[in-house]
Amino acid sequence: MEQSHRLRHIVVLLLNVWIPSCFAQTTPPVRTSPTPTSQTPERPENLKFRLSGFPRKHNEGRIEVFYKGEWGTICDDDFSLANAHVLCRQLGFVSATGWTHSAMYGKGTGKIWLDNVQCSGSERSISVCKSRGWGNSDCTHDEDAGVICKDERLPGYVESNVIEVQVDENKVEEVRLRPVVAMSTKRLPITEGVVEVKYKDGWAQICDNGWTPRNSRVVCGMMGFPNERKVNKNFYKHLRKRSAESKVKVTAARQKPKAKAIPKTSSKPKPGKSAAAKRLYAERQKNHFLVHSVVCLGTEVHLGACPLDFNYGNATESCPGGMPAVVSCVPGPLYAQNIQRKKLKISTSIRLKGGAKHGEGRVEVLKGSEWGTVCDDLWNLLSASVVCRDLGFGSAKEALTGARMGQGLGHIHMNKVQCTGHERSLWNCGYKNISSDDCKHTEDASVRCNVPDMGYEKTVRILGGRSRYEGRVEVLHLETNGTLRWGLICGEGWGTEEAMVVCRQLGLGYANHGLQETWYWDSSNVTEMVMSGVKCTGDEMSLSQCQHHKTINCQKATARFSAGVICSETASDLVLNASLVQQTTYIEDRPLHMLYCAAEEDCLSKSASQANWPYGHRRLLRFSSQIHNIGRADFRPKAGRHSWVWHACHGHYHSMDIFTHYDLLSANGTKVAEGHKASFCLEDVDCEEGVSKRYECANFGEQGITVGCWDLYRHDIDCQWIDITDVKPGNYILQVVINPNYEVSESDFTNNAMKCNCKYDGHRIWVHNCHIGDAFSEEAERRFEKYPGQLNNQIS
């Protein structure tokens, strides 16, 4: 009996083990005892990742993974910071700072691809971590996991162009316009041509039956153009007909039996379309009509987001009664020919700031006479596309949140913007006015727009650096005999503005440094200088648009003195607290015997050298300067600490020769008095909440200003003034310019100047209307010096 009981017990145990294993494919294992296993690694390059959900910043959100043609989520069971580290690195961030559970960023849709994920944190891909396996989960979307990544990109990381709409990427990914007329192939940008979609190893066409202007609008937007225009279909039909006739004649001639030689007296073929044009369109006869119907609304940012009717059978099937779809686009003013440019207008009530390239930046709108930003609540591709098209670009490639292009200044004019995509201006969209508690500048909205392919990146290159972000600059030069060759650029006069253009041209972000010597990057056999005297404003799209010598004039023409650049994905952005200047301005009559150190550092006007030292005094216009770094990279001195200069008089190191200019200008802009601030030392005096100080001058410490921090030069320290001893009573403009010589890279130099109205009566000074140089509209700026001031500042 006891033996029988034992036997039944063994059978029960075996059944408990065997039955679940039989039904494992249809019945998930018990939730309380998961058994993660190592899975066959999916190649990391075959997976795609993105952050989604709301509300969130650009570096946080619900984690979604694209696997086997479908986007899905990850369950929060057993989730850890180690998992988040791996995922954040796959998203292009250096690490994770946290993770979330219970669908904090909202519930996802589709598959829950992974469950019970267990990583050590060092894995190259989430696919090699232990888990239940792909698609094996007992979770619901209420348990979707999220990650919070450190807002610092991996070196060399190129941001993904994944458009956050549900697009079947296996069908339509790449789209292009292929010009038919031979002359159009040599002119950029390409504004008209046959619409082609990537298909296998080649390209396929779309049948134009039922093709609408809305379809053309979507294609033009993808190509970087704001609008579409009507196509002359008769021209293409005529060209197609001639090509077809030519093809038939050629085929018939090949099939004819050999005949006697044609006498020399026979007539020559009549001149018609050029052979090149015939050949181009003859090739188009071999059409692969992959798509037979497209029905776009006109607001989509990608053709793949429109309803498409595919030919799933023979891709070479004809297009009954039709021809390949042809689209013609209207370029924006930046990309139009000079004749067309005068007719094209872009908005004057919206602008992009802080971007590395044209067509990207922080969105700023003009309300009244003052520029302000847009809060990123509900910010999406539809609203971003309205901005892009209004500014003469195509549809939006990315709608960025969380002040991805740096923080703005002043007011936040709009919140919860909701556009349909058809509006001509952002002001025509639905939005809410901002209240003080709604948004902060850490939530400023930004965009990246589609821009036309101009081929600029093919005419310049950098070589010899440790990464693709640095090297000696070489340009493609056209010789008089028509050949092309790479030559060097003379380094004399080469600086940050010129480097900015090269980095923009190559799509490598901002200029970190412009270098005049590059002997340590001597990795190329190119040694000849082909360009000198290059002078750029910094806004150009290519070096060819900058001024330069007509003939080479380079004093140091050896390769070691050629121009070089170091580019960076991020940059600092310094701005002055204008209201603090207005609040702290006053006049002091300071005895000369207290100004010896200041005189030594050249902080007094020239007439001070003729004064009766140590008797008498100088009249000083004093104020405080609070300088914020609102960019995306720390502001660091260009010179290394080994070259900083010690000033014994004040007991500090100067890390920059000139950090700030202080000027008093007449109403017509003439300088009547000046001062300057060498960087006594750059350090973090205070920071925003949650930001830690990194730079301190004491004990020969590192100098700089951290993102989110500010340096403060109080009104009562030496050189924090303008010497106005020789200034007569009158109306003036007080101007302060940070980083005036562009010694250090910034994402935006237009906000480095601050202006105030001043009225000086010989005893007192009134200072009012202090503002950053680009804070007002052009009209308001023209009226700037006409308003009387009210703020009285007594002489001390």
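1. A word on terms first: helices (H or I, at least four residues) and strands (E, at least two) are DSSP runs, numbered from the N terminus. With that in hand, D774 lies in the loop between β40 (765–772) and α11 (778–782). D774 is buried (under 20% relative accessible area, against over 50% for exposed and partly exposed in between; 1.4 Å probe, protein chains only), at a relative accessible area of 14%. Setting aside neighbours within four places in sequence, D774 has contacts (heavy atoms within 4.5 Å) with R351, K353, W371, D748, T750 and N751.

2. Please keep in mind that this is a predicted model, where local features need pLDDT of at least 70 and side-chain atom pairs count only at pLDDT 80 or more, while totals for chains, interfaces and linings use all residues. Residues are numbered from 1 along each chain as its sequence is written, and side-chain values use heavy atoms, with hydrogens and water left out.

3. On confidence, the average pLDDT (the predictor's confidence in each residue, from 0 to 100) is 81 for the protein, and 82% of the residues score at least 70.

4. Two stretches call for care. The pLDDT is below 50 over residues 257–273, a stretch with 5 contacts beyond near neighbours in sequence. It is also below 50 over residues 787–796, where the model has 30 such contacts. Where pLDDT is low, the predicted coordinates should not be read in detail.

5. Lastly, L484 belongs to strand β23 (residues 484–489) and is exposed, with a relative accessible area of 54%.
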